[in-house]
Structure formats: C-alpha cells, structure tokens
Amino acid sequence: MAKVKSNKKHKEKTEKSKNYTEERKTEGFFTVKSLSYIILFAIFLFSFYIRGIVPYNNVFGGETVGFAMDDSVFQMRLVENTIHFFPHRIFFDAFTQYPYGTQLSWGPLFGQMIAFFAMIAGFITNNWNPATVGMPVQSVIDTTGVFFPAIIGALIVFPVYFMGKELLNEKAGLLAAFLIAIMPGQFRDRSVLGFTDHHIAEAFFTTLMMMFFILAIKKAENITFDHWLNKDWAALKKPVAYSLLAGISFGAYLLTWTYGVFFAVVFGIFIVIQYVIDHFRGKSTEYLGVVGIIAYVVAMIMVLPYVDISNGFKPQYYSLMHLTITGGGALIFAFLSLVSREMNKRELKGYYYLLFVSATILIGLIIVKLFIPGLYDYTIGEWNFIFKSGGSLTIAEASPTMFLNTPGDLLNGYSGIGYLLAFFGIPIGEAKDYIVNNALGNFGYNFYLAYITIFVLGYYIIKKPKAEYTLVAVWSVFVLAIMLAQNRFAYYYAVNVVILSGFLGSKILDLCDWNSFSSNDIVECLKKVRIQHYLSLIVVIIVVALLGGDASFSEKTMIFILVFMIIVGKSDGFGNKLLMTILSLILLFLLMGFLPSEAIILKIVLVFSLIFMIGAIIYLQSEASYYRLAMMLFSLILIITLVMYIPSNASPFKSTCGLDTSKWPWSCEATKWGALGEGQYEWYNALNWMRYNTPVPDLPYNSIYEKPPSGQPYNYSKNDYGVMSWWDYGHIITYWGHRIPNANPFQAGIGGGSVHAPGASTFLIAPTEEGANEVLDKLGINGKPGARYVVSNAYMAYAILTVFADWDETDQGYYTQVQSSQGPVWVPTMKYYETMEAKLHIFDTNGLHNYRLVHESTPNPYVRGGAQEKQDKYIYNVLYRGNLPVEDSGYAKIFEYVKGAKITGRAQPNTTVTLTNTIKTNIGRTVSYSQTTSSNGTYEFTVPYSTLGPISGETQFDTKPTGPYTVTMGNVSKQIDVGEKDVLEGNTLTLNFV
C-alpha cells in the first residue's frame, strides 16, 4: 500500500514538474492566464461603475446621504453604536418597539466591518468628531457605509470567477463573472450605493464559502485519515488550508446572518449524497469528512463567543442551534466517514451504505423529535420561515417569486401540474406573461438556462461524477427552492444562475472548438483561430445582445441565418450537426444584451456578417445535400420562431445598463438612483424636525441596553415614549428621529392577528378614535399611553391601508365597485375613510379630540400614495358628499396624541353647539377644524390644539390655529383661547352662553 502511494506521489510530482516546465516556456505578461485576470479586473471595475459611480450624484445630492430607508438606516445605527463600543455592539435595542425593545437577530460582522473601515478612514483623513473620542465625523461614517455594498457587490466577481474556473475552466469563470456584474433584479438592487444592508455580504460570503469548499474538495480528493495518522503534512497542506478558509468564510457568513445556519444544511445534504455516490463507486469518502470536519469546527469556534444559551434553539439569534448544526455536523461527518471506511474494508455493496444512511437519518429525526423538541421545532417544524402566509404575504420581499397581484392570488386559476410548473416559472396559462416578467426581471433568460444546466449537471453526476458537480447541483436546487418561496432570495440565486450559465456557455463554446486553445501562450492560441471561433464569439457578444429587443427583425434574422448555416455546414456527422444546432439555439439565450443595437461595433459586425453569409452560401452550394438543405430550413424555422417570441426584457444587460449615446461609456438607468426610496427626503425632513422639536427621551441613543426578561417591558422612564407608525418606518424613526417607534421592520409591534393584539395594525385600522386610544392605552406603561406621536405618509393613507387590515385579519369591505364613465372601477368605501389612518392623514385630524397635526413635510405627488391623494379626496367628495379640499398635502405628517383641553359651559337645552377653528400648517396650508354637539343644558368639547403656541420643554409645533376657537350656539358666537398646558394636562375651560 505504501509503495503504491509512493509511486503515485512520484508520478504526480513528475507531471507537476512537466507542467511547470511548459509554463516556464510561456512565462511572460501576455499569457492566456494574465489576459484572463486583466479581463476579470476590467469586469470588476465595470461592476463597481454600475453600482458605485452611476448613482453617486443622486445618493449624495439631497438633504441627507441616500441610505435605503428601512434596514440600511438601522444598519448605520448599529455601525455608529459599534464605533462607540468597538468591537462590541448591542444585541438588544431599547430604542425601538416601545415598550418592549427588540432583541436583534442581525449578525455583528457587517456593521463591524463598516465601523472598522470608517475608523481607518477617519485615521487616514484625520477627521474625528470633537465631541466623542475615537469617533470619526459623520461624513466619514456615512461615506464608508454608503459605498460598502457597492464595493462588496463588485468584489463578488472574483469568487464567482474562481468558482467557475474550478468547476470547469477560465471561460466558465469569465462568463459567470461578467453575468454577475450585470445581473438585474434583487442582486443588483441590494448591491448599489446606499443599500447598506447585510444581504450583499450574505451573498458574498456564501459564494466565497462555496468557492473554498470546491477548492478544498478538489485538493482533498485523495486524502484519507491515514494521512493524518502518518503526519503527511505535504499532502495535507493544501486541503487543510482550503478547508480552513472554507470554515472561516462559513463562520463569517454566520456572523453576518444568524439564519444562515440553515445553509449549513446545504453542505450537509451534499456530504450525505456524495458519501453515497462515492460508496457506490467504491471510492474512499474520507476526504469529505476531512473537509467537512475542519470547516464546521472553525465556523463553530467563530460563532461560539456570540452564543446565548438562553435563546434555546432559536435560529434567529445566536443559540444552541448554531452550536448543534456546526459542531454536530462535524461529528456526523466523522461518523459517516468511519462507517464508510469500515464498510469499504468489508467490501460491502453500495446499497448497504445507502440503507444505513437512510435508517440513521430516520432514527435521528425520531430521537430529536422525542428528546430535543426545541431543535425539531426550529428545524423540521420551521417551514413558516420560508413559506409565508396571512399578513406575512404583504411583505414584498417575502412573497413567492411568481406571486401575482394581491394576497391569496398566488397563481390563481392554476392547479395540479399546471400550478407546479407555473410556480417554478414555466410560462403557461393566462399568467404566462407575468411569470416570464418575474423570471426575467431578476435574471434575464439565464433563469431558464440555469434549469437546463442543473439537468446537465445531473447527467455528469451520473455519468462522470465529480464531487464539485454534486455540490453545485445540491446548492443550486436548495437556493432555487427558497427563492421560489420568497423572492428576496433571488440575490442568493443570482450567483447560482451565473455559475450555471457560465458552465453551460463554456460547454457550448467548446463544441465550437474553443477547447482547442490548450496553450497558455496567446500567440500560439491565435494561430489556432478558425472561422467557427469568430462566429461563436459573435454569437456570444453580438447576436445574443440583439435578443434584448433593440435590433430590428431583419437584423436578427440575417445574423441568425448566417451563424446557423455556417455552424451546420462546418459540423461533421448527423448527430453533431443536430447537437450543434440545438445547443447553438440555447447559446443565443446566453449573456443577452451585452451591446445594444446603437453600438457602432454592431454596424461593423453586420457588414462583415454579409460577407460571411455570401461565403457561407457559396460553400454550402458547393457541397449541397438534401440533409444540409433540410437542416438549413429547420434552423431557419427555429430562428424565425425564436426572434418573434423573444421578450424585449430578456437581456440582463439591458435591464441593468442601456447605452445612451449622449453619455460615455454607459447610462445605467436601473442604478442611477442608488437605494433612494420614494418620499425619502420628505420623511427625512419630517423626522429631522421631530428630533429637534419634540421632548428628548431620557433613554440614551448610544448605549448598551440590558435585555429584560422575556415578554416583559423594558425599564423605560416616564419621560420616554413611543411613536406609532406602520412597521416599515420604524427604523427611520429610530435613526433620523432619535425616537422610539412602537413597530419596526423586524415585523415587531404590528399586533393584529385573530386576537387583534394591540399594535400598529390595530391602531391604524381602528374604526373610531376611542378604539385607537384603547390600543395606545394597552401598550402603555408608567401610567402613560404607548405612544405620544403618530407619523404617517401618503403611501400609508392612499396605497396600503388595507395591508393593515390584512395583518389584523379584518380585510373586508374597504373597497366597493362603482360604475364610471370608463366602466366599473373599485373605490374606497366609508369604512376606508373612517379608519384612524384616514382620520389622521386624509382629514388632518378634523373633529378628533386627542390628536393634532404638529408638522408636515412638503407634498410629493409623483410617488405611490402621493399621486393618488387628489383622486381619493375627489371620490370622497362625490360619493359621500364631503368637502375636502382636493389638494396635495404634506407627504409625511407628524401627529401628537394629547389629553385635550375640555371646553364646557351652559347652553340652551336642545340646541346645537358648534366649535370651529382654522389650522395653518408649516407649509402654509389651511385646514378646517370643527366639532358639533347637542346641549342638554350644558355642552362639552375636547380639543387637541393650543391657540397660544408651544411652551418650553414640550412640542415646538409649527402647525397651529390661526386664532382662538369659535363656539357657536344658534346665532350667538363666542371665542376662547386654549393654552398648551390645558391641552397636555386635560384641563377644563368654561365658556357659558346662558
């Protein structure tokens, strides 16, 4: 045995020496390898240009740096907190979800990296905050944070390239790298300037992890436990190094996203499958154990300092789950390897091992279910994390990829196999156009290429098994499954799509004889260039670009006919001709949209294509045959059909960057706004006003907070208070307003459900003011209500009001169908206009007793919600005899919840008493305010507005009455002023008429 190993090593060294000698002969700068790296670096620069340069002016050109409004601003809060306490960071935040606070599920690494580089940038530029030791100035922190996702998004081209290269060759790596640079949809959107969230870091670290796993598996293929026992460090050096790097990447991924623990299962599934495959082949499986054990142990060590045992097995926090999956996974790998080793020694057939593994899994699940129910519930029983239902379906990023228009309308009308096909994005049935747009929007036609490649990999796994093929296939199928369940995971699957498309594209190019370029010398390769190489290159760079819809039908047809006639003519044998034709058709879908039709290079190519076509026709006629004629006609039919039915948005390049001839080099419409959201500056204006014009809570904004017992409120002081709004806006209330929201984008504080728990949904959808007050009282602590302020925007009032009802499970009767001059249309009902959200935002608190408008931003009628304001006010006036001014009001509004001053007095019995005032807002808009009551000898009003202005230490409102209240009984009117203390303390003022 030792002798055989020795010979093998000697042979490997000889071959290595031979290869090294050959490489020495072609050493120099102009080699194929150096050219690949130059191209790769150019792809990186282009990717960064799309993400970091194009949106620069828009991201830095407003009132504030353009971070994405939801999670990104909270990430920046954590970055600032980390800088204050570096390298530590809060894992419980009391500055959100009043009155409970929120235990944070985000990993620390993303914020720690930004904080580290911000401090480095502060040191290099010597820009430090004079008020805080060790704190860079805000502009340095903001600049570092805003560029971070663009840099990470661009850097991902490197692990993608090396993964494609190790999986197949350099061509596959370069194709994959370029595709990930231009990939549209979720991946692009989460990697642009200002989208400072951990999502792009998740994608980067999983890609890096898989790259190192592939390298480790390839380098460890002939490694056994005997190498450890014999201390053969020369053989172990590379496998161990790559396994360590895989473990470090895995650990970094877990420290970026806690739920990433579930992705440990991907490699575990691969290990089990590959164990079985190798065992059937009679091959040692010990190399899998070596890689898996090292990587998982390293990841466990990295996560261990953050594990809190009190979290049980909850995967959203660092818990026993993370130790069980990593440490337990390492033990399972060792166990499976030892069993496989013993079975191989006894020369047992492969199916014995398969039966053993199956029985072990079944017994293991039973044991976990019976003795560790917490682990079972948060693994096998945690399907609702992936497959959302109820109000969760209203979370845009959590809805299934092929989700249609409204909750409950998931592929409505499909059933059986049709439903399954449509769910997987196969365009059939009435919704086929919608399905295609959803698929193409994130990946272009590479979405369908990836399906083809998965089957191709399946073929190779069966016929020419390689462990790296199995790993990529298992990984891709797993990510595809979770992506179809939640569209947000498209930013994960984008990496799989480009790897698979690069693999397929390289295989097709090899069929066009590109595999003949075996030398590393560029000159030698150029000598081997033939017409089919030029033509296939044209197909990849030019022809498929036209599938984006920019070129005319005649241009497409002309080039397609040219390429296929020559490919068919140059192929030998019936099988090769047919295969070349079919695979070339597939190639036409690849890398779509690289150069639009306006490009000058395309016009040059068209001229040369005419010359090639003439030559091809002459060639084909000189060796005419019925077979060639039939193949030409068949190809022509396929080409014309393809051209006619290709959607205009099939190109990922077109979806990311279009060519504007007035700009150089590219105009990228899809990324020029960075991560700016609709109404972002209006929100910032309103919340920045709140920060400096409302009472400052006692709770320090930058602190390490102590987590209270589970289910118990945080120990807030009497001067702390909540701010009610929809959960989407909780983080901007924290970051921009420095105030404590009741609900946040962790989907915390929403309330509702079948029990109508108090929270944002029950408050905003409450049909009466008294009902809304009751919600706030139930959330209250320290003898105070759960919120002092309510903030709202036009999107809440006019676009998503029924979403609140979805969470509260009361979504019935908010719209009705009426006949209009354009036919039947759906309009809001009175139930809609009677919700608390409508009373606040649409009616500007008119008639309310305890809520007053204290500030509003400028209007924005050009975004969702704001664009619908005038229409909904007009509908109210026409259908329900209202008198709302049909005007644009502030996009974001701030309301204060107060006790209200009581105005009471004697009046004639059985008379109507009316109270009126005119409220003037900070943007100069006037709002009519009125109340009406009946007198039984006395009357009473509760009013929320002070007519005498703000007082020190309280809200410095800039929206207020233009004068005293006017109270009218019959034809007698009197006026009365109300002080701010009266409003805040609920004092009573008397105004008698008799």
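Helices are taken here as DSSP runs of at least four residues, numbered from the N terminus. On this basis, Ser-337 of the predicted model is placed in helix H15, which spans residues 320-345. With a relative accessibility of 0%, Ser-337 counts as buried, because the limit for that class is under 20%. The side chain of Ser-337 has a polar atom 2.9 Å from the backbone oxygen of Phe-333. Beyond residues up to four places away in sequence, Ser-337 touches Phe-225, Tyr-275, Thr-285, Glu-286 and Gly-289.

The protein as a whole comprises 994 residues, of which 55% count as buried. Its secondary structure consists of 39 helices and 17 strands. Among contacts with a separation of 6 or more, 73% are accounted for by residues 24 or more positions apart.

A helix pair was examined next. Helix H6 (residues 138-155) packs with helix H10 (residues 199-219) at an angle of about 25°, the two axes being 9 Å apart. H6 is therefore roughly parallel to H10, since angles under 35 degrees fall in that class. The crossing by which H6 passes H10 is left-handed. On the H6 side, the contact is made by Pro-149, Ile-152, Gly-153 and Leu-155, which meet Ile-200, Ala-201 and Phe-204 of H10. By residue class, this contact of H6 with H10 contains 6 nonpolar residues, 1 polar residue and no charged residues.

Thr-955 is located in a loop, between strand E13 (938-943) and strand E14 (960-961). Thr-955 has a relative accessibility of 0% and so counts as buried. A polar contact of 3.0 Å links the side chain of Thr-955 to the side chain of Glu-896. Glu-896 is also one of the residues that Thr-955 touches when those up to four places away in sequence are not counted.

Asn-437 lies in helix H19, which covers residues 432-443. At 42% relative accessibility, Asn-437 counts as partly exposed, because this value falls between the 20% and 50% limits. The C-alpha atoms of Asn-437 and Met-402 are 9.4 Å apart in space, while the two residues are 35 residues apart in sequence.

Definitions and conventions
Residues are numbered from 1 along each chain as its sequence is written. This is a predicted model: local features need pLDDT of at least 70, side-chain atom pairs count only at pLDDT 80 or more; totals for chains, interfaces and linings use all residues. Side-chain values use heavy atoms; hydrogens and water are left out. Helices (H or I, at least four residues) and strands (E, at least two) are DSSP runs, numbered from the N terminus. Buried means under 20% relative accessible area, exposed over 50%, partly exposed in between (1.4 Å probe, protein chains only). A polar contact is a pair of N or O atoms within 3.5 Å; within protein, one must be able to donate a hydrogen and the other to accept it, and residues adjacent in sequence count only if both atoms are side-chain atoms. Contact means heavy atoms within 4.5 Å. Axes are lines fitted to C-alpha atoms, for helices over the stretch in contact, and angles run from 0 to 180 degrees between N-to-C directions. Angles under 35 degrees count as roughly parallel, over 145 as roughly antiparallel, 65 to 115 as roughly perpendicular and the rest as oblique. A crossing is left-handed if the near helix is turned anticlockwise from the far one by less than a right angle, and right-handed if clockwise. Ala, Val, Leu, Ile, Met, Phe, Trp, Tyr, Cys and Pro count as nonpolar, Asp, Glu, Lys and Arg as charged, and the others, Gly among them, as polar.
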